[in-house]
Amino acid sequence: MSFRKVVRQSKFRHVFGQPVKNDQCYDDIRVSRVTWDSTFCAVNPKFMAVIVEASGGGAFLVLPLHKTGRIDKSYPTVCGHTGPVLDIDWCPHNDNVIASGSEDCTVMVWQIPDNGLTLPLTEPVVVLEGHSKRIGIITWHPTARNVLLSAGCDNVVIIWNVGTAEELYRLDDLHPDLIYNVSWNRDGSLFCSACKDKTVRIIDPRRGLVIAEKERAHEGARPMRAIFLADGKIFTTGFSRMSERQLALWSPDNLEEPMAQQELDSSNGALLPFYDPDTNVVYVCGKGDSSIRYFEITEEHPYIHFLNTFTSKEPQRGMGWMPKRGLDVNKCEIARFYKLHERKCEPIIMTVPRKSDLFQDDLYPDTAGPEAAIEAEDWVAGNTAGPVLISLREAYVPTKQRDLKVNKKNVLHESRPASRPGSAARLSAPPSLTTSMPTATVQDSGRLEEVLQELKNLRLVVAEQGERIAKLEQQLSSMENGDV
C-alpha cells in the first residue's frame, strides 16, 4: 500500500509576487514616522494615498496612479489636520472621497479632484468631532452609503453619517482598553474588534451589544488584529506567550477554541492581514518585515493552508491594498500591494500563472462594485444588504495578438479571399497593368492575354492558401482553448 504524500490541489498554489520596475515606483516620498500600527497607505483604482511627514500638523499625499517616478518635494498635500494623521481610508462607493483620522481628535472627509491635487487641500468637505483622544482607526461601511466608523484612543467607537455630519451610534462602554483594529463583516451588519485586553469581540453596532467575545485570543501582550471573512468566520493575528507571531481562525458560533492556529516566527512587528473574499486568500504583512506570506482559507482541515512567501530586501513601513476592481485581469493579477519603504512606494503584483490569454472566470468571480447597496437611513432603520456585485469581464481587453487573429479571420470570411502579406506584395503589380491598358498598342494584346491568365492563376492559388490559413487558424484556436 502506498503512503505517498498527496499534494493539495489549489489554483493559487503557484501565485507569485513581482515588484514593478523602478520607473513605475513612486520615489522621494517621506513616509510618516509616527508610531502607530496602521497601514499608512490607502489605494483605489484612481488614486494612491500615503501618510507623510509634515511640520506643524498632519498631512497625507494623494497621487493619481499613473503619476509614477520621482515626486517633487513641493507636490501639494492634503494638510488640514493640526496633528499627525494616523489612518486614512478611501470610500468604497466614491473613488474621489477619502477619510482621515488624526492626533488632533478629529475625523475629516475630503473630496479629491479627478486629476489629483494642483494646490494644497486644507478645507475638508466635513469635519467630524466627537472623540476626546487621538483617532487611530477609520473604516467605511462596506455596503451603506456615507456610513463611516472611527475608533480612538479614548476606547470609543463612533459611527457617523457623513452625508449629514451627524453621529449615528456611540459605543463608549464596550472596550475597556485601547482598540487595535476594527473590521466590518461582508454585509456590514456586525463588526469585530481586537483590543489591548487581549479580547476579540463581535459587536452589533445598531443594538450596541457584544454578540460574542473571546478573551485571551492570543496570549501575548503585543498588538493583535481581527478581520471578518466572507463566510462569517474570524481570522486573527497576534503573539503567543513566548512572543511568537500567530495566526488563528475562529468560528463565531464557538469561540472557545480556534478552528486552526499556526505559529509563524519570533519577529516583533505587528502582523497586518489583508483578505480577498473572492479567492479566500489572506495575505499577511509584518511591519518591519521584508516579506508577504499568503494563505488560502478552505473548509477542510487544517483550514489555513500556507501558499507561498514573497520576499524582498527592504523592510516595509506600511502597505496599501488595491480593491479587486482595480486589478489587471489581462495579466491574471489577483492582488496588488503598495509597499512603503522609507522614501519610496513600490507596487508589488501577485499573479496566477496561466498559459491562456482568455478571461479567467475561476480567478475573477463577481466582486464588490462601487455602488452602495443601501442608503445610510435604510441601514439605521435596520435593513441589511450585501455588496452590489459587478463582473470584471468588462475590464478584460484581448491582447494585441488575439486582435490580429480575429481581424485576419474576419478578412478571410469576406467574399473576396485575403492574401498573406507576401502574396499581397506580389499581386500589387498586375492591377496597375490593367489600369494602363487603354494606352497599350494592338501588338501587345498577346502579352496582355498572358498576363491576365497569370493573374487568374495567382488568384486561384491565393484562394486555396486562404482556405488553408483559415483551417490552420481554427486548429490553433482549438489548441489554445484546450479543445484538442
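Trainee: How many bridges join strand 13 to strand 14?
Mentor: This is a predicted model. Strand 13 covers residues 147-152 and runs antiparallel to strand 14. The number of bridges joining strand 13 to strand 14 is 5.

Trainee: Which residue takes a positive phi in the hairpin of strand 13 and strand 14?
Mentor: The hairpin has 4 residues between the strands.

Trainee: Over how many bridges do strand 14 and strand 15 pair?
Mentor: Strand 14 holds residues 157-161, and its pairing with strand 15 is antiparallel. Isoleucine 158 stands opposite arginine 170 of strand 15. The pairing of strand 14 with strand 15 extends over 5 bridges.

Trainee: Which residue has a positive phi in the turn between strand 14 and strand 15?
Mentor: These two strands form a hairpin, with 4 residues between them. A positive phi of about 60° occurs in the turn, at alanine 165.

Trainee: What is the strand order of the open sheet of 4 strands?
Mentor: The pairing in this sheet is antiparallel. Its edge strands are strand 12 (135-140) and strand 15 (166-171), each of which pairs on one side only. From one strand to the next the twist averages 20°. The order is 12-13-14-15.

Trainee: Why is strand 14 largely enclosed by the rest of the structure?
Mentor: Buried means under 20% relative accessible area. Val157, Ile159 and Asn161 point one way from the strand, Ile158 and Trp160 point the other way, and all are buried. Strand 14 is largely enclosed because the buried residues number 5 of the 5.

Trainee: What percentage of the residues in the protein chain is buried?
Mentor: The protein chain has 5 helices and 32 strands. It exposes about 24200 Å², of which carbon and sulfur atoms supply 49%. Of the 484 residues in the chain, the buried share is 48%.

Trainee: Among contacts between residues at least 6 apart in sequence, what percentage joins residues at least 24 apart?
Mentor: A contact here requires heavy atoms within 4.5 Å. Among the contacts in the protein chain between residues at least 6 apart, the share joining residues at least 24 apart is 52%.

How values were computed. Residues are numbered from 1 along each chain as its sequence is written. This is a predicted model: local features need pLDDT of at least 70, side-chain atom pairs count only at pLDDT 80 or more; totals for chains, interfaces and linings use all residues. Side-chain values use heavy atoms; hydrogens and water are left out. Two strands pair if DSSP finds at least two bridges between them. Axes are lines fitted to C-alpha atoms, for helices over the stretch in contact, and angles run from 0 to 180 degrees between N-to-C directions. Buried means under 20% relative accessible area, exposed over 50%, partly exposed in between (1.4 Å probe, protein chains only). Accessible areas come from the Shrake-Rupley method with a 1.4 Å probe; for residues, only the protein chains shown count as cover.
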